[in-house]
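Subject: Structure handover

Hello,

Here is the structure for you to look through. My notes follow below it.

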Amino acid sequence: MGHVFKFSELGKTLKSATTEISRRLCKQCQSSLIQQRKQFSTCHKLFGVWEPDGLDEPKLGKYAKVDIQMNGYDYAVLESFSKFMRSVSSSMELNMKIIAIPPKDYTIKTYFENSLKVSEVFNLKCYERKLRFENIVCSQFTIFLDVLRHNLPAGVDIQLKNFSKDEEEFRFIPSEEKLYILSRIAALDKEKLERERRKDY
């Protein structure tokens with residue numbers, strides 16, 4: 001089988017040997033030996049760790065803003081997965097915010113073969129959630145994407161994209177009172193233009 005090499009026993013042997021040698025040396029030799037140990041260290045437990053000067057912490061790149069879009073036709077699955085990703089982001093200490101988007105209605109029609117007659121009509125709702133990250137480290141974001149990809153449930157689609165201004169405004173549900181006032185203003189403006197035309201004639 002051979003001998004098993006143990007670093008712990010080697011460290012104890014070296015420590016006892018250096019202690020015995022230092023006892024038999026004079027003070028000047030002992031000080032020079034200590035300086036050499038600090039400069040050329042082989043074991044951090046015995047002599048400490050030597051590091052060169054001028055070492056700085058590595059500078060990691062960051063993404064200022066990243067949006068991930070998640071779509072699904074099953075509300076329960078999408079909402080459960082959003083909560084799971086929130087727990088993952090909190091454990092990784094990421095600055096993530098989940099934004100709920102109003103659902104979109106779709107009407108799907110199927111036709112009989114070689115005919116324009118409608119066979120079946122399906123009314124579907126597509127639910128959407130947006131994951132927004134701010135000032136996220138690149139290395140952490142790649143790990144988060146791997147976790148998201150490996151745990152992605154069936155029926156949920158993800159997409160990395162920059163949302164346009166119209167998409168940003170779509171997530172806000174308009175006020176019925178505001179819409180009514182805007183329609184009244186448009187109607188009054190239209191009446192005013194008609195009166196001016198009549199005066200010209």
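How many bridges join strand β2 to strand β3? There are 14, and the two strands, residues 96-111 and 118-137, run antiparallel. Before the rest, note that this is a predicted model, in which local features need pLDDT of at least 70 and side-chain atom pairs count only at pLDDT 80 or more, while totals for chains, interfaces and linings use all residues. Residues are numbered from 1 along each chain as its sequence is written, and side-chain values use heavy atoms, with hydrogens and water left out.

The sheet

Helices (H or I, at least four residues) and strands (E, at least two) are DSSP runs, numbered from the N terminus. Two strands count as paired if DSSP finds at least two bridges between them. On that basis four strands make an open sheet in the order β2-β3-β1-β4, with antiparallel pairing. β2 and β4 (156-160) are at the edges with a single partner strand each, so one side of each has no neighbour in the sheet. The twist averages 20° from one strand to the next; axes are lines fitted to C-alpha atoms, for helices over the stretch in contact, and angles run from 0 to 180 degrees between N-to-C directions.

Helices and core

Helix α4 (residues 75-91) lies across β1 (62-72), β2, β3 and β4, at about 10° to β3. Helix α5 (residues 138-150) lies across β1, β2, β3 and β4 too, at about 155° to β3.

A nonpolar core is a set of buried Ala, Val, Leu, Ile, Met, Phe, Trp, Tyr and Cys residues joined through side-chain atoms within 4.5 Å. Buried means under 20% relative accessible area, exposed over 50%, and partly exposed in between (1.4 Å probe, protein chains only). The largest such core has 19 residues, and those with the most contacts inside it are Ile 68, Met 70, Leu 131, Phe 133, Phe 144 and Leu 148. β1, α4, β2, β3 and α5 each give two or more residues to this core. Taking contact as heavy atoms within 4.5 Å, Phe 144 touches residues including Ile 68, Met 85, Val 88, Leu 131 and Phe 133.

Individual residues

Arg 129, in strand β3, is buried, with a relative accessible area of 9%. The side chains of Arg 129 and Glu 79 are joined by a polar contact of 3.0 Å (N or O atoms within 3.5 Å; within protein, one must be able to donate a hydrogen and the other to accept it, and residues adjacent in sequence count only if both atoms are side-chain atoms). Among the other residues that Arg 129 touches are Met 70, Tyr 75 and Ile 99.

Most residues other than glycine have a negative phi. Glu 93, in the loop between α4 and β2, has a positive phi near 60° and is exposed at 71%. Asn 135 in strand β3 has a positive phi near 55° and is exposed at 54%.

Cys 126 is buried at 11%, whereas Cys 138 is partly exposed at 24%. With a disulfide taken as a pair of cysteine sulfur atoms within 2.5 Å, the count is zero.

Regards

Key:
Lists of a residue's contacts leave out its neighbours within four places in sequence.
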